[in-house]
Amino acid sequence: MTTANTNARAIDALREEIDTLDQELLALMEKRLDLAAAIAAAKSDDSQTEDANELLLRPAREASVIDRLGTLTRRIPDASIAAIWRELMAINLQAQRPIEIALNASRHPARMHLMARARFGTIIPIREMASPEAALEKARTGKAIALIEIGEGDWWAGLRDDPELAIIDGLLGEGGRGSALAVGRLSRDRLGEDRSFAVLEQAELAARLGRGEAVCPIAVSGSLNLCVIERVAPLSRAAA
């Protein structure tokens, strides 16, 4: 038997092993979705105390899962871990209660589509909206995430005192180009902790900066500032 034939058989055997692993991976993903659905069903008994129109998103939990898995991988890049598990979570959420992305982006629509897919998965449909206000009204029903490009006026200023809508996340393009806010009906205690967004009066912004908080304005309207807030671990005395 020639070396070429031996190598061909070895490659065929390895491919068969990969095919078997692919089937096992698919079965595990299906099992994960079944378990997530079972958790959702178990939680339904407590739904009387929650907003029935609230999104099922759990950004804090999502970030925790992705961060933990990122510490365990040997070869898979963090960005790939995030993409894979966000897609799995999106499939599960769509199976429980379908939603859509209400997109308003006239400046960089193609880029916004790509960023929406990367952040919320490919399974959630995207519907283009004529105005920021129309996207926010869709989000207010609890059946959509409003994704609105920053720079489309000062629509974000009204979120400061909005009792129903919260800024879920910011999709920040390189150099601030093509940036957008994801807004939806979601309790603030379910939002991510490492990075958050807030609309601050100038005096409040100055006070928080004076306390050493990592607050950065990304848009301004009169005395109001749309800010991204990064959680920074305090320095230890030894480090100081």
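Trainee: Which residues does E100 touch, not counting residues up to four places away in sequence?

Mentor: E100 touches I124, P125, R127, K138, K143, A144 and I145. Contact means heavy atoms within 4.5 Å. This is a predicted model: local features need pLDDT of at least 70, side-chain atom pairs count only at pLDDT 80 or more, and totals for chains, interfaces and linings use all residues. Residues are numbered from 1 along each chain as its sequence is written, and side-chain values use heavy atoms, with hydrogens and water left out.

Trainee: Why is E100 called buried?

Mentor: Buried means under 20% relative accessible area, exposed over 50%, partly exposed in between (1.4 Å probe, protein chains only). E100 has 11% relative accessibility, so E100 counts as buried. E100 is found in strand β1, residues 100-104. Strands are DSSP runs of E, at least two residues; helices are runs of H or I, at least four; both are numbered from the N terminus.

Trainee: What makes L25 partly exposed?

Mentor: L25 has 49% relative accessibility, so L25 counts as partly exposed. L25 sits in helix α1, residues 3-43.

Trainee: How many helices and strands does the protein chain have?

Mentor: Six helices and eight strands. The pattern along the sequence is α-α-α-β-α-β-α-β-β-β-β-α-β-β.

Trainee: What share of the 240 residues of the protein chain counts as buried?

Mentor: The share is 36%.

Trainee: What part of the contacts with a separation of 6 or more comes from residues 24 or more positions apart?

Mentor: In the protein chain, such residues account for 67% of those contacts.
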